[in-house]
Amino acid sequence: MTIPTITLNDGKNIPQLGFGVFLVDPPETERIVTDALEAGYRHIDTAAIYGNEEGVGRAIAKSGIPRDELFITTKLWNSEQASEKAANAIDESLSKLGLDHVDLYLIHWPVPKQDRYVEAWTALEQIRASGKATSIGVSNFLVPHLERVLKETGVVPAVNQIELHPYHQQPEVTAFGRQNGIATEAWGPLGQGKYPLLELPEVTAAAEAHGKSPAQVVLRWHIQQQHIVFPKSNSKNRIAENFDIFDFELTPAEEAAITGLERGGRVGGHPMEVG
Ligand code: NAD
């Protein structure tokens, strides 16, 4: 199966569907990422704070998949935003992953209280220049954080990875991204299973109409909205199910009904407060 790609503002392509490993237990990570690679995923989203980069790295090494067929993202943790710390943090992540570069390196949260995200962004530019990250971006940035980075550095992040699911669509942030060429990555695409998203009639009716599961319908909605997604699951069946979303298309009415589910309800922390 060919996974569609999105071309980033630096000309690199990212597979629109990947596999996320937030809360995947470190001892189980190698097995679970192996299941994902066997199911066909080639894009893995991890982070230093997840504590499982080593397991991701072991699964990659064991897979024998050529490096240029993989797209690996990791993230700079909040305590490491000072430039000298960021320089060490990428080396540590690469060493744990067993790689000489990642495809995408992100500032995990802005942490405005700490006021170091512009410094961290400059550090990421240097990391990209060194070849240790092919593309660089941010995560959990709101419009004022993006505006400041653009104004003070002139370097536009390739992506902004934000909490985004039908209950919480962040229209201001995604509109700013569209206007400025910043691709949107949707974390928690299934609402982390914390909302009854998969039981809502707008979702179950489309699932029935297409002979797909509710989770497949929500992931397909993300794909049609041009989001980049990397749902997480520990279950081999669900890992395969979440990958199988390219043989149907939601009608404009089905897509609009799901877009209409916006409730402003976050499952994660607020970007002004985390950190
Ligand atoms: P998610 O929305 O992918 O939800 C995962 C949960 O949904 C699973 O634990 C399971 O309970 C359920 N689920 C998965 N597949 C299912 C299926 N087919 N049917 C029914 N239920 C299913 O949430 P997530 O893991 O938080 O988000 C995805 C990825 O985003 C993470 O793994 C991580 O890589 C990234 N992320 C980033 C940030 C950030 O701050 N940048 C924060 C959270 C997550």
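A charge is taken to sit over a ring if NZ of Lys or CZ of Arg is within 6 Å of the ring centre and within 35 degrees of the ring normal. In this predicted model, the charged end of Arg 148 sits over the ring of Tyr 117, at 5.3 Å from the ring centre. A second case involves Arg 220, whose charged end sits over the ring of Phe 248, 6.0 Å from its centre.

Tyr 117 also takes part in an aromatic pair. A pair of aromatic rings is described by the distance of the centres and the angle of the planes. The rings of Tyr 117 and Phe 141 are 5.4 Å apart, centre to centre, with 75 degrees between the planes, and the pair is edge-to-face. Tyr 117 belongs to helix α4 (residues 117–129) and Phe 141 to the loop between β7 (133–139) and α5 (143–153), so the pair ties together parts that are 24 residues apart in sequence. Tyr 117 has a relative accessible area of 4% and is therefore buried, the limit for this class being under 20%. Phe 141 is buried as well, because its relative accessibility is 0%.

In total, six aromatic pairs were counted. One of them joins Tyr 41 and Phe 243; this pair is tilted, with 4.7 Å from centre to centre and 50 degrees between the planes. The two residues come from distant parts of the chain, 202 residues apart: Tyr 41 is in the loop between α1 (26–39) and β4 (43–45), and Phe 243 is in helix α9 (residues 236–243). Both Tyr 41 and Phe 243 are buried. Together with Phe 19, Tyr 41 and Phe 243 make up one aromatic cluster.

Conventions
Residues are numbered from 1 along each chain as its sequence is written. This is a predicted model: local features need pLDDT of at least 70, side-chain atom pairs count only at pLDDT 80 or more; totals for chains, interfaces and linings use all residues. Side-chain values use heavy atoms; hydrogens and water are left out. Rings of Phe, Tyr and Trp (its six-membered ring) pair if their centres lie within 6.5 Å; planes under 30 degrees apart count as stacked, over 60 as edge-to-face and the rest as tilted. Helices (H or I, at least four residues) and strands (E, at least two) are DSSP runs, numbered from the N terminus. Buried means under 20% relative accessible area, exposed over 50%, partly exposed in between (1.4 Å probe, protein chains only).
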